[in-house]
Amino acid sequence: MRLHRNLVFAVIDALHLIFNEGEYADKVVQKVLKFDKRWGSRDRGFIAETTYEMVRYKRLYAEIAGVKAPFNRPELFRMWAVWAVLKGIQLPDWKQIEPTPERRIKGKFDELSKIRKYREAIPDWIDELCEKALGDELWTKEIAALNEQAEVILRSNTLKTTREKLRKTLLDEGIVAEPIKGYPLALKLVERANVFVTQAFKDGLFEVQDASSQLVSELLDVQPGQRVVDTCAGAGGKSLHLAALMENKGQLISMDVYISKLKELKRRARRNGAHNIETREIDSTKVFKKLYGSADRVLIDAPCTGLGVIRRNPDTKWKLQPEFLDKILATQADIIRSYSKIVKPGGKMVYATCSILPQENGNQVQSFLQSEEGKDFSLVKDKNIFASQSGFDGFYMALLQKK
C-alpha cells in the first residue's frame with residue numbers, strides 16, 4: 001500500500017489531540033476529516049480506521065515503541081511505525097520516521113501478546129476489576145471481542161418504512177444491508193459506508209443504532225396511547241425507537257440534564273417524523289417530581305462506565321479512572337430510586353446500562369429491590385449481553401413491574 005504523507009500526518013494530529021489534549025476520539029476524527037476537502041472515501045477511511053486502531057491498542061504500541069505519555073510528535077511517529085510494521089506496511093523514507101528495527105518490533109509483539117493487558121491494551125486496574133467481576137475466561141473472551149471494530153447497524157424507522165422496504169431503498173443507493181435474526185428492525189451493513197449522506201437517512205428512514213441497544217426499548221413493552229418517560233434520554237436514540245413502537249400515539253416525555261442533547265433529539269425527531277416526543281430539561285428535581293406516580297412506562301438508560309461499548313469508543317479505556325466507578329455507582333443508585341417514583345401502580349420500568357460490570361447492573365437492581373423505594377417492584381426479567389456471545393455491544397437491561 002502506498003502511503004501519503006498528508007494522511008499519515010492527519011493521523012498523528014488526531015492522536016495528539018486524543019492522547020495529549022484529552023479530546024474524544026469520535027469528535028477528533030470528525031474534525032480531522034475536514035482538514036482537506038480533496039480526500040476521497042478511501043483516504044478518509046485510512047485516517048479514521050488507523051486512528052481508531054491506534055487508540056484501541058495504545059498501550060501495546062507504546063510499550064513496543066518504548067515511549068510513555070504524554071507523547072511528543074517523534075514518539076507518536078514511532079508508535080505509528082510500530083503499527084505499520086505489524087500491519088506489514090513498507091515504511092516510507094521520511095525524515096519523521098527514524099530507522100525502525102522491524103525484527104525487534106515483531107519479537108517484542110510476540111512476547112507481549114502472551115500477556116492479556118498488553119495484548120488487548122488495557123489499563124491494569126480495568127483488567128483486574130473485570131477479571132474479578134466476570135472471571136478470567138469470560139473477561140478474556142469479552143475484551144478480545146470489545147477490541148474488534150464495531151459493525152454498522154441500522155434500526156428501521158417504522159413510522160416511515162419497513163425493514164424490507166428500507167433494505168431495497170438502500171440497495172438502490174448502492175448500500176448492501178442484511179437483516180439480523182432475532183432483531184426485528186435491525187439491518188447490518190455488509191461493507192462499511194457513510195450512511196449519513198444517503199437520501200434514505202435524510203428522509204428519516206433509519207437511525208444508526210447497535211443491535212443490543214435496540215433490545216432496550218422493546219423490553220419496555222410500550223403500547224400506543226400510553227404515557228412513557230425516558231428519564232436519561234440524551235440525544236434520543238431510544239426515545240426515537242419508543243416513539244415508533246408507540247406509533248406516534250400517546251405522550252413520550254424525554255428528559256435529560258443536558259439541553260444540548262435534547263436540542264439534537266428534537267432535530268432527529270423532526271427527521272424521523274416522531275411527533276409525540278416532548279423534551280424536558282432536568283434543571284431541578286421539580287421536573288421529575290411533578291411526574292411521580294403518573295407514567296405507564298419509565299426507561300432509565302443510566303449513565304455508566306461504558307465498558308460494554310468500547311468497540312465504538314476505544315478511548316474510554318484511557319479516559320476512565322478508578323474513582324469514577326464509585327461515583328457512578330452512587331449516581332445510578334440515586335437515579336433508580338428517584339426516577340422509579342414516576343411509575344404508576346401496575347406500570348413497568350426498564351433499567352439499562354451499556355456496561356458489563358455486575359456492580360452497575362444486577363447488583364444495582366437487587367439493591368434497589370431491597371430499598372424503601374423498590375419494595376413495591378418485582379423483577380420480571382433481566383438480561384446480560386456480552387459482545388463475545390452476541391457479536392454486538394455489551395449491555396444490561398432489567399424489566400421491573402410496580403404492584
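Helices in these legends are DSSP runs of H or I with at least four residues, and they are numbered from the N terminus. All views are taken from a predicted model.

**View 1. The second largest pocket and the residues that line it.** This pocket, whose volume is about 260 Å³, is lined by K58, R59, A62, E63, G66, V67, K68, A69, F71 and W318. Helix α4, which spans residues 58-65, gives the most to this lining, contributing 4 residues. Sorted by class, the lining of the second largest pocket consists of 5 nonpolar, 4 charged and 1 polar residues.

**View 2. The cis peptide bond between A69 and P70.** The bond leading from A69 to P70 is cis, and its omega is near -5°, whereas most peptide bonds are trans.

**View 3. A salt bridge between R73 and D13.** Side chains of opposite charge can pair when their charged atoms come close. In the pair formed by R73 and D13, the closest N and O atoms are 3.0 Å apart. Because R73 belongs to helix α5 (residues 73-86) and D13 to helix α1 (residues 5-20), this pair ties together parts that are 60 residues apart in sequence. Over the model as a whole, the count of salt bridges comes to 29.

**View 4. The interface of domain 2 and domain 3.** The domain assignment divides the protein into domain 1 (5-114), domain 2 (153-208) and domain 3 (211-402). The C-alpha centres of domain 2 and domain 3 lie 25 Å apart, and 18 residues of domain 2 are in contact with 19 residues of domain 3. The size of an interface is often given as the accessible area lost when the parts come together. Between domain 2 and domain 3 about 1500 Å² is buried, with 56% of it on carbon and sulfur atoms. On the domain 2 side, R155, L159 and Y183 lose the most area to domain 3, and together they account for 42% of what that side buries. The interface of these two domains is also crossed by 2 salt bridges.

**View 5. The salt bridge between E207 and R268.** In this pair of side chains, the closest N and O atoms are 2.8 Å apart. By the bounds of the domain assignment, domain 2 covers 153-208 and domain 3 covers 211-402.

**View 6. E148 and its surroundings.** E148 is found in the loop between α9 (136-146) and β1 (153-156). Leaving aside residues up to four places away in sequence, E148 touches R56 and R311. The C-alpha atoms of E148 and P224, which are 76 residues apart along the chain, are separated by 38 Å.

**View 7. The backbone at E247.** Most residues other than glycine have a negative phi. At E247, however, phi is positive, with a value near 55°, and this residue sits in the loop between α13 (237-245) and β6 (251-256).

Conventions
Residues numbered from 1 in each chain as written. Predicted model: local features only at pLDDT ≥ 70, side-chain atom pairs only at ≥ 80, totals over all residues. Heavy atoms only, no water. 1 Å grid on protein atoms, 1.4 Å probe; cavity = no way out; pocket = protein on both sides within 12 Å on 5 of 7 lines; lining within 4 Å. Points joined across faces, edges and corners; volume = space filled by probe spheres on them. Helix = DSSP H or I, 4+ residues; strand = E, 2+ residues; numbered from the N terminus. Nonpolar A, V, L, I, M, F, W, Y, C, P; charged D, E, K, R; others polar. Domains from an automatic or database assignment. Contact = heavy atoms within 4.5 Å. Buried area = accessible area lost by both parts, 1.4 Å probe. Salt bridge = Lys/Arg side-chain N within 4 Å of Asp/Glu carboxyl O.
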